[in-house]
Structures are given as C-alpha cells and as structure tokens.
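Welcome! Please take a look at the structure below, and then we can walk through its helices together.

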Amino acid sequence: MLKNNIKQLREGQGISQGKLALICSVSRQTINAIENNKYDPSLELAFAIADALETKVDSLFNYQKNKKRG
C-alpha cells in the first residue's frame, strides 16, 4: 500500500491544495484525491509535486507491503 506525506509537507509550507494544483498543472480535486490515498499519481506528477514542495519523491511516499492472509 502506498501512503503519502503530501498534505503534511504542503501545509507545513503554507501552500493550499489549489496552489499546488496550479503549480503541477492538475485540478485541486486531483491533489485532494492523492492526499487522501484515493489516487496514485503518475511518476511525472509525483516529481512535479516533489519539485513544488522542494523535496524528493521518496520523501513524499511511504510504501507498506500488504500482509499476506493466512
């Protein structure tokens, strides 16, 4: 499962969803869906978000391996 820290990083820099969306050339709804783990961004968009938040892509996302069911 892929979780992200985008909301925390964005809010920490005082950037609104709308402004981040504008910088990344996507809709505010797309940013909202990503932050709420309802949509995984393309690699290109992930790099655009990282650039806008002045961080690296691997700082935006946390991968958690799904546990196998027994």
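This is a predicted model: local features need pLDDT of at least 70, side-chain atom pairs count only at pLDDT 80 or more; totals for chains, interfaces and linings use all residues.

Residues are numbered from 1 along each chain as its sequence is written, and side-chain values use heavy atoms, with hydrogens and water left out.

Helices (H or I, at least four residues) and strands (E, at least two) are DSSP runs numbered from the N terminus. Buried means under 20% relative accessible area and exposed over 50%, with partly exposed in between (1.4 Å probe, protein chains only).

| Helix | Buried residues |
|---|---|
| Helix 2 | Gln17, Leu20, Ala21, Cys24 |
| Helix 4 | Leu45, Ala46, Ile49, Ala50, Ala52 |

The buried residues of helix 4 line one face of the helix because they fall within an arc of 165° seen down its axis; the arc is that of the directions from the helix axis to the C-beta atoms. On the face turned away from this buried side sit the exposed Leu43, Glu44 and Asp51. Just after helix 4, glutamate 54 has a positive phi of about 55°.

Helix 2 packs its buried residues against helix 1 (6–12), helix 3 (28–35) and helix 4 (43–52). Serine 25 follows helix 2, and its phi is positive, near 60°.

Finally, leucine 53 is in contact (heavy atoms within 4.5 Å) with Ile6, Leu9, Arg10, Gln13, Ile15, Leu20 and Leu60, leaving aside its neighbours within four places in sequence.
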